[in-house]
Amino acid sequence: MPFRRALLTLALLPAIAAADLHYTLAPEPQHKSVRVTIVVEKPNATETFRIPAWCPGFYFLLNYEKKISDFKAVDGAGKELAVEHGFDPRQWTVKDPSKKPITISYRVLGDDPGLGFFGTSVIAHTAFVNGPSAFMYDPERLTEPVSLKVTLPDRWDIATSMDSAPGGYKASGYDELADHPIQMGHFERRKFEIKRVPFEVIFVSKDQQYRPNLTDETERLRRLSAPAIELFGGAPFKRYVYIFHLAVGDFNGGLEHRASNTQAINNTRPLGIDELATHEYFHAWNVKNIRPKVLGPFDYTRPNRTSNLWFAEGVTDYYAYLTAYRTGLHDANWLMRSISGQIRDLQRSKVRLQKTLAQSSSETWENGGFGIGDLSYYTKGLLVGWIFDAAIRGATNGQKSLDDVMRLMYARYRLPQVGYAEDGILNAINEVGGTDFTELYHRMVDSTDDLPYEQVRQMGLVLDPDLNAVFDVSADTKAVKLRNGWLSRAGSVGQ
């Protein structure tokens, strides 16, 4: 089909001349691929280009290099340059003795299952690019400004959370470029605002049929998106984009990005994704801003190990349930049943008696990306966050909570500040709680002992012999709201 120049022509390049690297992205539905070009204005005699070995947000090595073909490099006069490739399958080295501008180009196969998730997907009416799967980087130029132009087939639309610029898009460096997925083609778009922050919701379907009620789902997302902004007193993004792929390939779930998230889910009515949506969205604060030092700037060549993924993912999961409750869409019984289910799942784990929570975080790279065997740092991390919430409230007579820990860490570590050290979480908890939680921390994070569920008794909960969390039947259920304010919806703007 005919192609049009979307957003940028060569005549407009001076408008974003502040960028040092110029990327172009062009979907090629007829080839089920995308074409990427990169122009380096002031190259060295030798320039190296790499494709990442992994995707931030999924702690598992991937093989993006296997989808790349037709790599070429030319100088400003169109003369083909020598390219070395093979010693490292993820690396291409270009020789340019003249040091004049060079252009590299290559094709990325768009066969990621479903509608795309960790990789690139291209079908007749839509295309999706997850940045690390398609955009190479120069290891010596990771922090140089970047421009992006997109060339689309006729009548195709585009959605991305990347900052626009005259004639295209811009990013402060590769980390930012790679962290804004790009949806192209035919899809449904909805919008809303929270405290003057614009949100977009993108729905994509394989057959272009939409079984959910998109208006109802968008309103639900509006309510689900409000409590986190209230908790932190603002948003770390200028705008936010939800991308829903209503088709499941190899993965059913979501992946966070700094100002967006992508979810691969079934095309059903209703979608039933409250906790998934709040989890991926909450990551805009916890992991994209409140993050271990090793998680930004990234080393894309190898595993980036930290013992604190339980906090990045598990505590985010705790807030997924808690903030969904705070919207008023769910009641306290739902919240307690949800936590009860997490307790049951953890207590069934055999690996919990052999590996610590810290180990399940740091060793996840060799074990599928979600923990070790049946020990998930999501599940145990959620419960550790819950217990610390109770412990802080108990130590401060209800004056402080885990919310205060999150706010403290956000203020202290948010971009562009450096992430927290491996002991940063404990230090923040101790500071907020005004007491020394070191023993409790090490018991839950660094030992294989069972979690001290007794810590939550002051919240009006008891544990039955099967470790199901239930309401204290001896108390008026209204009192649950009053006990240290744990279940209070006060301050929620989502109602």
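1. Arginine 107 counts as partly exposed in this predicted model, with a relative accessibility of 22%, and its side chain meets that of glutamate 28 in a salt bridge with an N to O distance of 3.1 Å. Because glutamate 28 lies in strand β2 (residues 21-28) and arginine 107 in strand β10 (residues 102-109), the pair ties together parts that are 79 residues apart in sequence. Glutamate 28, for its part, is buried, at a relative accessible area of 13%.

2. A second pairing involves arginine 50 and aspartate 88, whose closest N and O atoms are 2.9 Å apart in a salt bridge.

3. Within helix α6 (residues 332-348), arginine 348 and aspartate 345 lie three residues apart, which is about one turn of the helix, and they form a salt bridge in which the closest N and O atoms are 3.1 Å apart. Arginine 348 counts as exposed, at 58% relative accessibility, whereas aspartate 345 counts as partly exposed, at 39%.

4. Salt bridges that share partners also join Glu47, Asp138, Arg141 and Glu144 into one network. In total, the structure holds 31 salt bridges, of which the pairs described above, including glutamate 28 with arginine 107, are examples.

5. Turning to the pockets, the largest pocket holds about 830 Å³ of space and is lined by 32 residues, with Ser172, Asp175, Glu176, Arg258 and Leu415 lying nearest its centre. The elements that give two or more residues to this lining are β16 (168-171) and α2 (174-178), and α2 gives the most, with three residues. Sorted by class, the lining of the largest pocket comprises 13 nonpolar, eight polar and 11 charged residues.

6. For the second largest pocket, the space amounts to about 390 Å³, and the lining is made up of 24 residues, of which Asp112, Pro113, Phe118, Gly119 and Asp250 lie nearest the centre. By class, the lining of the second largest pocket divides into 11 nonpolar, eight polar and five charged residues.

How values were computed:
Residues are numbered from 1 along each chain as its sequence is written. This is a predicted model: local features need pLDDT of at least 70, side-chain atom pairs count only at pLDDT 80 or more; totals for chains, interfaces and linings use all residues. Side-chain values use heavy atoms; hydrogens and water are left out. A salt bridge is a side-chain nitrogen of Lys or Arg within 4 Å of a carboxyl oxygen of Asp or Glu. Helices (H or I, at least four residues) and strands (E, at least two) are DSSP runs, numbered from the N terminus. Buried means under 20% relative accessible area, exposed over 50%, partly exposed in between (1.4 Å probe, protein chains only). On a 1 Å grid over the protein atoms alone, a cavity is a set of points where a 1.4 Å probe fits but cannot get out, and a pocket is an open set with protein on both sides within 12 Å along at least five of seven lines; lining residues have an atom within 4 Å of a point. Grid points are joined across faces, edges and corners, and a volume is the space filled by probe spheres set on the points. Ala, Val, Leu, Ile, Met, Phe, Trp, Tyr, Cys and Pro count as nonpolar, Asp, Glu, Lys and Arg as charged, and the others, Gly among them, as polar.
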